[in-house]
Amino acid sequence: MSSTFPSAPSGPAAVSRARVLAVTSGKGGVGKTFLTANLAAGLAARGKRVLVLDADLGLANLDVALNLFPKITLHDVFTGKVGLEEAILPAPGGFSVLLAGSGLVEYSRLTAEVREQLLRIIDTLGPRYDHILLDTGAGISDVVLYAVSLADDVLVLATPEPTSMTDAYATIKVLATQQNRREIRLVVNQVGRIGEGRVIRTQLQLVVDRFVAPTLPDTGAAPTLELIGEVPLDPAVREAVQKRKLLLELLPGSAAARAVEAIAGRLAS
Amino acid sequence: MQLLQQSGRELPDRKQVGHVVWLQAVLDGLCEISSRDPLTGLANRRQFELALAREVDRVARAGEPALVLMIDIDHFKAVNDAHGHAAGDLVLKAIAQALDECIRPMDTLARVGGEEFAMVLPNCPPSFGLAVAERVRLRVQARAVAVTPGQQLYVTVSIGGAFAPQWVRSSAPLWIDRADQQLYRAKAEGRNRACLEQPTVSLVSAEEKGLLFGTSTFQDLE
């Protein structure tokens, strides 16, 4: 695939490529788009070049979250109506976005072409950014799994709610068994008290060690969950979401904003 | 009209039944022709894709397991080369019939390419998948095809199968893709065999949930 595009000059001066991070959750409605957008803003505030790619092609809502009403979307790029460059939009928060546009349900049928397209986009834009964040859809559909497979790192988002934990676990299981992921990052959103994220990580890791690790081909390397942050349940988040603003811009001093900042700091380093 | 006559379909007498009924019969006949493979009488590729799309929707909604099998006759070109295309057609018809004997009323069996057939099996539990595919393979293997008086041929098939993902929003092309990959594997591993994709382990068992929410462990950590 990559050979069809002009490759970077080899040697010590080779262009560095963006680190691609997929944000996924299993269950919907746990704050994937919220976290992705605010992490992007946090990274951008640290001087990083950041692109968010709305990989939730069936039911994209990044545009709604950011209060953008794009005339040009990924759909136009896929159909060749516009070039890739024209579809990259500046977002509030100082990062760039490639939006899917809501309701492009037809991509659930065009997937073979779409995966080529996604691969091409990431290949082409990789050298120009420090971070590319993929906001994936809910569930563990083929499209989500494919989007995740394009990423260097994967971040699973969960909340302390039992259904969310179960779905996060199911996601981790599929990523470990089908994509051979050995390192999975975890963020726990909407925690009620400090340290709840750590408890949930330990609990998930326990089940992974017991039930997932033995099914893997080389049982020596069990998948490890790395907790890279917990975000407290905070009315500020609700306010920002309702106003369709970035939390980091609207209420930067809030507890949730500081927590997201800390996660961005960990991703940046 | 010529199309309908060729397909051997009887139309009612226009004067006796009236225009409306007659026209309906013509339309029904044309619909039937457009969804059938003329040689074998099985569903054609178009009909197969419709059935598959319907099944994708159903699986997403009801969460029932469904299996698709891609079935390819081994070394079919050699049959044509050695015995002629007429013999090849007889083989296709006989295999179509053998396959038809393996399916349940709700299954869809189609001829989707030259020597390629496909089956959509709704509500097929993962634990039955290989048994179903093996039954198909053995049935074909046992079928003697009389190509000329006194000359019988035996052919085999390679089968690739994949279950629909249990989670929402998959697509028919991806599903076929996955079954095709297993078909390539069956061919590469020596033909006359059935290969099934391991079903996605996306279900969380009661034991796993027990450990995940084990209250005692929760307390230990605090």
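Predicted model: local features only at pLDDT ≥ 70, side-chain atom pairs only at ≥ 80, totals over all residues.
Four bridges join strand S4 (residues 144-148) of chain B to strand S5 (residues 151-154) of chain B, and the two run antiparallel. Residues are numbered from 1 along each chain as its sequence is written, chains are lettered from A and ligands numbered from 1 in the order in which they are written, and side-chain values use heavy atoms, with hydrogens and water left out.

**The hairpin in chain B**

- Two strands count as paired if DSSP finds at least two bridges between them.
- Within this pair, B:Thr148 stands opposite B:Gln151 in S5(B).
- Two residues lie between the strands of the hairpin, and B:Gly150 takes a positive phi near 85°.

**The two chains at a glance**

- Chain A has eleven helices and eight strands, while chain B has ten helices and seven strands; helices (H or I, at least four residues) and strands (E, at least two) are DSSP runs, numbered from the N terminus.
- Of the 269 residues in chain A, 55% are buried; for the 222 residues of chain B the figure is 44%. Buried means under 20% relative accessible area, exposed over 50%, and partly exposed in between, with a 1.4 Å probe and protein chains only.
- Chain A exposes about 11200 Å², with 54% of it supplied by carbon and sulfur atoms. The accessible surface of chain B is about 11800 Å², and 54% of that belongs to carbon and sulfur atoms. These areas come from the Shrake-Rupley method with a 1.4 Å probe; for residues, only the protein chains shown count as cover.
- In chain A, residues 24 or more positions apart account for 78% of the contacts with a separation of 6 or more. In chain B, 64% of the contacts between residues at least 6 apart join residues at least 24 apart. Contact here means heavy atoms within 4.5 Å.

**The sheet of chain A**

- Eight strands of chain A form an open sheet with mixed pairing, in the order S3-S4-S2-S5-S1-S6-S7-S8.
- Its edges are strand S3 (88-91) and strand S8 (224-232) of chain A, each of which pairs on one side only.
- Neighbouring strands of this sheet are turned by 25° against each other on average, direction ignored.
- Strand S1 (residues 19-24) and strand S5 (residues 131-135) of chain A pair in the parallel sense over five bridges, and A:Leu21 stands opposite A:Leu133 in S5(A).

**Helices lying across that sheet**

- Helix H8 (residues 196-212) of chain A lies across strand S7 (183-191) and S8 of chain A, running at about 155° to S8(A). Axes are lines fitted to C-alpha atoms, for helices over the stretch in contact, and angles run from 0 to 180 degrees between N-to-C directions.
- H11(A) lies across S1, S5, S7 and S8 of chain A, at about 150° to S8(A).
- The 14 residues of helix H11 (residues 255-268) of chain A should span 20 Å at 1.5 Å a residue, and the end C-alpha atoms are 20 Å apart, which agrees. The expected span is 1.5 Å times one less than the number of residues.
- Among the buried residues of H11(A) are A:Ala256, A:Val260, A:Ile263 and A:Leu267.

**A buried threonine in chain A**

- A:Thr36 is found in helix H1 (residues 32-45) of chain A, and counts as buried because its relative accessibility is 0%.
- Not counting residues up to four places away in sequence, A:Thr36 touches A:Val23, A:Val52, A:Leu133 and A:Asp135.

**Helices and a buried glutamate in chain B**

- B:Glu55 sits in helix H4 (residues 45-62) of chain B and is buried, with a relative accessible area of 6%.
- Leaving aside neighbours within four places in sequence, B:Glu55 is in contact with B:Ala66, B:Val120, B:Pro122, B:Asn123 and B:Trp175.
- B:Glu55 and B:Pro122 are 67 residues apart along the chain, yet their C-alpha atoms are separated by 7.1 Å.
- For helix H6 (residues 85-100) of chain B, 16 residues at 1.5 Å each should span 22 Å, and the end C-alpha atoms are 22 Å apart, which agrees.
- Buried residues of H6(B) include B:Val91, B:Leu92, B:Ile95 and B:Leu99.

**Cysteines**

- The count over all chains is zero disulfides, a disulfide being a pair of cysteine sulfur atoms within 2.5 Å.
- B:Cys31 counts as exposed at 52% relative accessibility, whereas B:Cys124 counts as buried at 3%.
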